Amino acid sequence: MNRPDPVIAVLTKAEAGGVRGAELAALHRRLRQLGERQAGLLPGKVLEPLADLPCLDELPEPPPGRARDVLDQLVVVKLNGGLGTSMGLAGPKSLLEVKPGTSFLDVVATQVLAARARYGARLPLVLMNSAATRGPSREALRRYDGLGVPGVPLDFLQGREPKIRADDLQPVRWPADPQLEWCPPGHGDIYTALAATGTLDALLGAGLRYAFVSNSDNLGALADVRLAAWLAAQQVPFALEAVRGTPADRKGGHLARYQGRVVLRETAQVPGGDTSFTDVERWRWYNTNNVWIDLRALSELQAADPASPALPLIVNRETVDPRDPASTPVIQLESAMGAAIGSIPGARAVQVPRSRFAPVKASDDLLVVRSDAYELSSDGQMRPRFDGPGPVVTLDKRFYKLLPDFEQRFPAGPPSLRRCRRFAVGGDVTFGAGIVAVGDVRVAGPRHVADGEVLGG
């Protein structure tokens, strides 16, 4: 029996599952890209490093009236679809505590309300949720009176697409849990999701011209009025914030020059055997996933091509049940939001300080943010208290990857890390109260670190 054409089969399942318009067009493009030779790969040998970038710290603060006007046209969008399953969470990752009694979403709401009070601007907050995060996240924000802005939706839903069998590229079937047959198409989905949900038209209709987009787990990503004013004055259609690379960014996406244009290369785009990716001295600028978008320019792009902007393909190889490595191997067709820098004419990258980039992707990052390396101010700013690039934490995944295991081993809270450069833990180690880590610290288990012990230094 002949199998149906994979492209037609995937598109048919997607359309039957409710994928429409711009999102269906973008999926069709990714399927075509999958058929290309070395689909989604960017070898280091074809790339060139970038020179210096314009610097946020050199941009002027606009006068108060101009600051209010530009922020009145800005919407803050937070990518909030993640469940934190890699950390063993069942609910929205953004509801995880980062400081005692305070979640990511609490900090985000506080930041937005504080900026409104300072500048007297509307500055709406909009979440890009998944179906699983929408209810709990909206409920968590109900405690903040006045957070919603009339005429502006509080959230919109990210898209989804079928997972594809790795062997024959047909849509995977998983009767044990049909929801696992679907996946989000990466955060590059935001552009078509804005259009498909009607959110882009709603924002423009409310007089909002620009969007500042970042991950909800990056608490350093505040709406900086200097960048907003620069975007408007220079008529920049798209801007990507970048930081100077450090060893902590060795797995992050970096910027490079390819065929005369700036591109973003993610881990999944590195061919096997290519060791160049981790060279933070060669690839100096790393993606923060903080982007600024001219919504009118995006609307004009999508009027010509509903699947705009055209983004490079990222092929993510998984199993249909990510908790079961023996389940059917699948590929997920994804794209990266920041990759739009390579496809939107006039797009720019700008250098920002490390304080704007403190994402929490794993328990390693969570330990740093919960520690005294960062201080949370009353206006929601997560201020670093360390000198230099900050501590690099490496915890043994066998014992610290999942949040319950992690918290069991730090029952009295994290150690002091503000004077620590590296904190590496191998084996099963539990930590008492008042631990201080200084310099380069390596702890091997099994072991219990007693209350008040000073490690390193």
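## Helices α3 and α8

In this predicted model, helices α3 and α8 are roughly perpendicular to each other, because angles of 65 to 115 degrees fall in that class and the two axes cross at roughly 75 degrees. The axes come within 9 Å, with α3 spanning residues 64–72 and α8 spanning residues 225–234.

On the α3 side, the contact is made by R66, A67, V70 and L71; α8 contributes V225, A228, A229 and A232. Classified by residue type, the contact of α3 with α8 comprises seven nonpolar residues, one charged residue and no polar ones.

## Nonpolar cores

L71, one of the α3 contact residues, is also among the residues with the most contacts inside the largest nonpolar core, together with Y400, L417, F423 and F431. This core has 79 residues. Helix α4, residues 104–119, gives the most to this core, supplying eight residues. Another core, of 40 residues, lies apart from it and includes V75, V149, V213 and A340.

The surroundings of L417 can be given in detail. Leaving aside residues up to four places away in sequence, L417 touches L367, V368, S371, D372, A373, P391, V393, F423 and A437.

## The four-stranded sheet

An open sheet is formed by four strands in the order β19-β20-β22-β24, with parallel pairing. The edge positions are taken by β19 (392–395) and β24 (454–456); each has a single partner strand, so one side of each is left without a neighbour in the sheet. On average, and with direction ignored, neighbouring strands of this sheet are turned by 40 degrees against each other.

Strand β22, residues 436–444, runs parallel to β24 and is joined to β24 by three bridges. V438 has G456 of β24 as its bridge partner. Helix α10, residues 363–370, packs on the sheet and touches both β19 and β20 (416–426). The direction of α10 makes about 130 degrees with that of β19.

## The loop residue D379

D379 is located in the loop that lies between β17 (374–376) and β18 (382–384). With a relative accessible area of 26%, D379 is partly exposed, because this class lies between the buried limit of under 20% and the exposed limit of over 50%.

Not counting residues up to four places away in sequence, D379 touches T110, Q111 and A114. D379 and T102 are 277 residues apart along the chain, and their C-alpha atoms are separated by 13 Å.

Key:
Residues numbered from 1 in each chain as written. Predicted model: local features only at pLDDT ≥ 70, side-chain atom pairs only at ≥ 80, totals over all residues. Heavy atoms only, no water. Core = buried A, V, L, I, M, F, W, Y, C linked by side-chain atoms within 4.5 Å. Buried < 20%, exposed > 50% of the residue type's maximum accessible area, 1.4 Å probe, protein only. Helix = DSSP H or I, 4+ residues; strand = E, 2+ residues; numbered from the N terminus. Contact = heavy atoms within 4.5 Å. Axes fitted to C-alpha atoms, helices over the stretch in contact; angles between N-to-C directions. Parallel < 35°, antiparallel > 145°, perpendicular 65-115°, else oblique. Nonpolar A, V, L, I, M, F, W, Y, C, P; charged D, E, K, R; others polar. Pairing = 2+ DSSP bridges.
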